[in-house]
Amino acid sequence: MGTPLYRIDAFTQKPFAGNPAAVVPLLDLDAWPADDLLQAIAQENNLSETAYLRTAPADSAADYLLRWFTPAIEVNLCGHATLASGHTLRTHLGVTKERIAFDTRSGIVSVEQGEEGRLTLDFPSTPPRAEGQDAEDHVDPAALCASLGDLPTEPIAFSDVAREHTPICVFDSEADVRALRPNFGALATIGHGVVIATAPSDDPDIDFVSRFFAPGAGIDEDPVTGSTHCALAPYWADRLGKTSLRARQISERTGDLWCELAGDRVRISGYCVSTFEGSMDLGSLLPDAPAPAAR
Amino acid sequence: MRIELYQVDAFAPDPLGGNPACVALPDSTLDDSAMLAIARELNQPMTAFVSAPNGDGSRRLRWFHEGGESAFCGHATFASGHVLLNVLDGAGDAVEFDTIAGRLRVERAGEGLLSLTVPALPLEPHTEPRLVGALGREPLEVYRSEHDLLAVLETAHDVATIHANTKVLRSIEARGVVVTAPADNEHLDFVSRFLGTLPEGYEDAATGSAHAMMTPYWSKRLGITEGLRAAQLSPRGGEFVCDALEDNKVRLTGQAFTYAKGTLTV
């Protein structure tokens, strides 16, 4: 019978777009399996993230416990795999709660029912800093140009999303961002090796586009990234004079995000689509979890 | 469209070891771009697409990975045989696949094991000056097959401790460099690793084609034609028992474990 296994594309309505994540519900296990087993399963899945879920204890503020593993390591926070987990619970496991709370390494993270069938993550808003506000916010323009292949048109801003002192490079046009062909080896040596590129969108329905390069974190280009929008949303909200924004991450896979500024929070919403439903059978390595509720 | 999908660990010492492959059994023929898109999404070393049986019971089989269609993949063929013979529990004791590399046969080998029979890959002596820089040591012998280089080292420890210079390796014009040496214990006859040139730093977990290349060499050197026991010293590990057959074929026997099964919706 085995343990349920789902593959979900997050921040898209189209299979094979968005950012993929595997979701493994271990809902009725009393304890986590060993870390190296969770790591080996994540490596076997070979997606950027595998999310593991357990039902939280009765006295917890959260509904579920949630951990995220890349093929190589356990991480502290992952937006797209959280969205995928919320989608899995609602779509495949019969969960109808308006707001699902997860207890994670980064505290309580929630997924709420959003508008028009989207799911919503609630993150802190972190407006970018201009260069000079923090002594360590600095990028050598020549090095940046050599690694990105182009120089941004606006002064570089900085944020601590993803890593500390992440440069945010604002370009004139969507075409400029699309055209970037970074030298990832060189980019990995600039600061922490992560860079956000952004521009206004050509599409009248979309406010801004972005791409996120993170060779310093082991991912040359992330397909769709929730956390970068913690800085991008307040930046574009300020520049465009609006608090509800539509964003598109124009990686090869592409993804769509709806951002709502609410005080010191950003609510980041998107769709998910399931591409695989099945089960894994690791025999005695992993105790069987009960079958998911029929849906 | 819903497609029956399995993920299998091939030539695996244990579950979650060996070389993973996805095996898809679509109800209707998929076009090439769909198969490539599926393979990219699944992000496994290889995804095999198995067709419905032909008149003679054989099945068309094609292999796709992130970079496109593959000209030959041993482990995904082995995985496909496992699905048809062990998981779907049909097709008698053997299945023949009709592929661009010719007819490939997977059959039950007793005790839950399976065998894959493939053409032996001929070797020619070769020189490659970049190998020393790539491997960090001078091989004792170097050969070339159609796709790969074979570098024979002195000891299993040498093979295990190679730390390839991936930049130099990448410059070598081959799919990969197989490093091999005699085993250092009585349970095995030879060991190897497969160091891919692309993507940079790629090491394959359990490589059927490498064993198709090595079996005639080790058979001749050790004077054993059947039952050569080989370990691939990759992080996930691979285990093969190799036979050098007549008419230039090699039979590779090992274990396959079903990691997952389910339905892909595209």
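The model is predicted. Chain A puts 19 residues in contact with 17 residues of chain B. Strands cross that boundary: β18(A) and β18(B) run antiparallel and are joined by five bridges. Within chain A, the domain assignment gives two domains, domain 1 and domain 2.

**Interface of chains A and B**

- On the side of chain A that touches chain B, two elements give two or more residues each: α1 (35-45) and β18 (272-280).
- β18(A) supplies the largest share of that side, with seven residues.
- By residue class, the side of chain A that touches chain B holds 10 nonpolar, six polar and three charged residues.
- The partner strand in chain B, β18(B), spans residues 256-265.
- One facing pair is A:Met280 and B:Ala260, the latter in β18(B).

**Domains of chain A**

- Domain 1 is assigned in two segments, 3-118 and 272-285.
- Domain 2 is assigned to residues 129-269.
- The centres of the two domains, taken over C-alpha atoms, are 26 Å apart.
- Domain 1 gives 13 residues to the contact between them, and domain 2 gives 15 residues.
- On the domain 1 side of that contact, five residues are nonpolar, seven are polar and one is charged.

- β13(A) covers residues 208-214, and β14(A) covers residues 219-222.
- The two strands pair in the antiparallel sense over three bridges.
- A:Phe213 has A:Glu221 of β14(A) as its bridge partner.
- Four residues lie between the strands of this hairpin.
- A:Gly218 sits in the turn and has a positive phi of about 90°.

**Helix pair α2-α6 in chain B**

- α2(B) spans residues 74-87, and α6(B) spans residues 208-222.
- Their axes are 6 Å apart and meet at an angle of about 110°.
- α2(B) is therefore roughly perpendicular to α6(B), because angles of 65 to 115 degrees count as such.
- From α2(B), the contact takes B:Gly74, B:His75 and B:Phe78.
- From α6(B), the contact takes B:Gly208, B:Ser209 and B:Ala212.
- The residues of this helix contact divide into two nonpolar and four polar, with no charged residue.

Definitions and conventions: Residues are numbered from 1 along each chain as its sequence is written. Chains are lettered from A and ligands numbered from 1 in the order in which they are written. This is a predicted model: local features need pLDDT of at least 70, side-chain atom pairs count only at pLDDT 80 or more; totals for chains, interfaces and linings use all residues. Two strands pair if DSSP finds at least two bridges between them. Domain bounds come from an automatic or database domain assignment. Two residues are in contact if their C-beta atoms, placed from the backbone, lie within 7 Å. Ala, Val, Leu, Ile, Met, Phe, Trp, Tyr, Cys and Pro count as nonpolar, Asp, Glu, Lys and Arg as charged, and the others, Gly among them, as polar. Axes are lines fitted to C-alpha atoms, for helices over the stretch in contact, and angles run from 0 to 180 degrees between N-to-C directions. Angles under 35 degrees count as roughly parallel, over 145 as roughly antiparallel, 65 to 115 as roughly perpendicular and the rest as oblique.
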